[in-house]
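I opened this notebook to record, entry by entry, what I looked up in the structure.

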Amino acid sequence: MLPVKRFTDFIAQNTLFEPAHKVLAAVSGGMDSVLMVHLLKAAGLNFGIAHCNFQLRGDESTRDEEFCKDLAQQLEVPFHLIKFDTQKYAGENKISIQMAARDMRYQWFEQIRQQHNYTVIALAHHQNDAIETILLNLTRGTGIAGLHGILPKNGALVRPLLFLKRDEIQAIITKNNYAYVEDSSNASVKYARNKIRHEVIPKLKELNPNLENTFENNLQHFRELEVLLELKLDELKNSLLIKQGNELHLPLAEVKKLNPKRLLLFNLLQEYGFNETTVDDIIASLDKHPGRVFETAGFKLILDRDKLILTRKETDEQQTVFIQSTDHSVHYGNYKLNLLHDDSALIIKDNPLAVSVDTALLVYPLSIRQWQQSDYFYPLGMKTRKKLSDYFINQKIPLHTKSQIPLLFNGNGELIWIGGYRLDERYKVNKNTKKVTIFELYKPA
């Protein structure tokens with residue numbers, strides 16, 4: 001007798017799919033997937049069988065393919081087959097054979113699901129698979145998400161056998177005299193999962209014969225903790241991550257109050273590519289001098305005076321733009337700089353985005369570029385030179401915005417104007433000025 005009611009109850013309790021839905025069953029030919037399709041048939045559900053031949057075990061692979069094809073005919077359901085060159089795919093993508101097989105089969109399952117209007121893809125994982133997954137994750141290192149084991153439902157993937165243990169499946173298969181095929185590679189302990197299955201779990205069961213039940217209870221606790229963490233993170237994302245243009249600001253005072261700080265900050269920053277080691281470095285820097293930058297492939301986090309600033313990394317440094325005497329306007333990144341020549345000693349006041357310069361002092365071509373550590377200038381009204389890095393600090397300009405400020409240089413290499421901020425004393429309009437060149441900067445929206 002088949003546990004059909006337990007099967008349909010588990011499907012309903014976990015909202016895996018509706019009775020009228022069309023199910024694509026992933027079948028290897030092993031006892032787990034064989035039992036799953038017999039349960040689907042006994043429950044009167046609409047399903048088809050999908051089988052992947054990875055062509056890794058010679059005649060065994062052909063045998064499995066033929067078995068699954070015959071099984072589909074016996075059950076009178078549609079049969080979908082694909083043959084993969086697994087070794088070639090693994091070599092081209094520089095990944096393990098196991099990872100290659102996983103990638104290819106899930107991509108193909110989804111393709112078949114969409115092409116043939118299946119609602120879900122049913123996989124035959126059971127409780128022991130969930131235990132193995134948790135132990136693997138713990139061995140490799142994991143957070144709370146890695147402790148929930150194999151979820152009954154994840155998008156279009158469903159696992160309707162998670163209510164059964166491996167020995168229960170074996171007993172049902174034997175009692176009903178169902179044929180199945182055995183993958184000889186399952187006995188090899190060269191694969192990590194098999195090593196845990198054949199060597200680690202038996203030792204744990206010596207300590208706790210009810211290991212599966214204990215893990216099932218633990219899984220429920222871990223899943224509830226994960227839900228609790230997700231609710232807390234949603235709350236923090238709304239209150240702690242303050243959007244400012246294209247940036248996210250995290251007030252330092254609030255970050256320091258986080259408890260537990262490491263867990264919460266890591267989970268907030270994880271989606272931006274920050275790992276636990278970097279988060280440890282960030283936490284260690286919270287009470288130190290501002291200016292430190294932490295980077296991932298696509299983002300950078302800047303420690304400012306009273307906040308953390310999260311922003312996308314600029315893909316490329318701005319190239320130097322040259323200005324000829326005949327130019328009326330040039331573009332620099334998202335900025336536009338207009339030039340106007342005037343036969344007077346006009347002085348621009350009260351507009352930080354415009355400046356008038358003594359035309360006679362200009363040596364073409366002029367240039368616009370971003371700042372460099374060695375840059376200096378003579379601030380308007382001062383007779384001594386000042387390093388730009390010191391000026392930016394005095395102006396409290398965040399580190400990540402310094403490289404975005406356009407600097408106008410004379411052809412002799414001297415800095416004329418920090419665009420939007422300050423003119424160099426050497427280029428101001430004075431009583432001897434006959435003509436001026438007006439530079440007007442348009443900021444990006």
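I began with Lys165 and its contacts (heavy atoms within 4.5 Å): leaving aside neighbours within four places in sequence, Lys165 touches Gln127, Asn128, Glu212 and Asn213. I noted that the model is predicted, that local features need pLDDT of at least 70 and side-chain atom pairs pLDDT 80 or more, while totals for chains, interfaces and linings use all residues. Residues are numbered from 1 along each chain as its sequence is written, and side-chain values use heavy atoms, with hydrogens and water left out.

I then placed Lys165 in the loop between strand S6 (157-158) and helix H7 (166-175); helices (H or I, at least four residues) and strands (E, at least two) are DSSP runs numbered from the N terminus. Lys165 is buried but has no salt bridge, and the nearest side chain of opposite charge, Glu168, is 4.0 Å away. Buried means under 20% relative accessible area, with a 1.4 Å probe and protein chains only; a salt bridge is a side-chain nitrogen of Lys or Arg within 4 Å of a carboxyl oxygen of Asp or Glu; Lys and Arg count as positive, Asp and Glu as negative, with His and the chain ends not counted.

Next I looked up Thr311, which lies in strand S11 (residues 307-312) and is buried at a relative accessible area of 11%.

Last, I traced an open sheet of four strands, ordered S13-S14-S22-S15 with antiparallel pairing, where two strands pair if DSSP finds at least two bridges between them. Strands S13 (329-332) and S15 (354-358) stand at the edges, each with a single partner strand, so one side of each has no neighbour in the sheet. Five bridges join S15 to the antiparallel strand S22 (residues 436-442), and Asp358 stands opposite Val436 in S22.

Key: Buried < 20%, exposed > 50% of the residue type's maximum accessible area, 1.4 Å probe, protein only.
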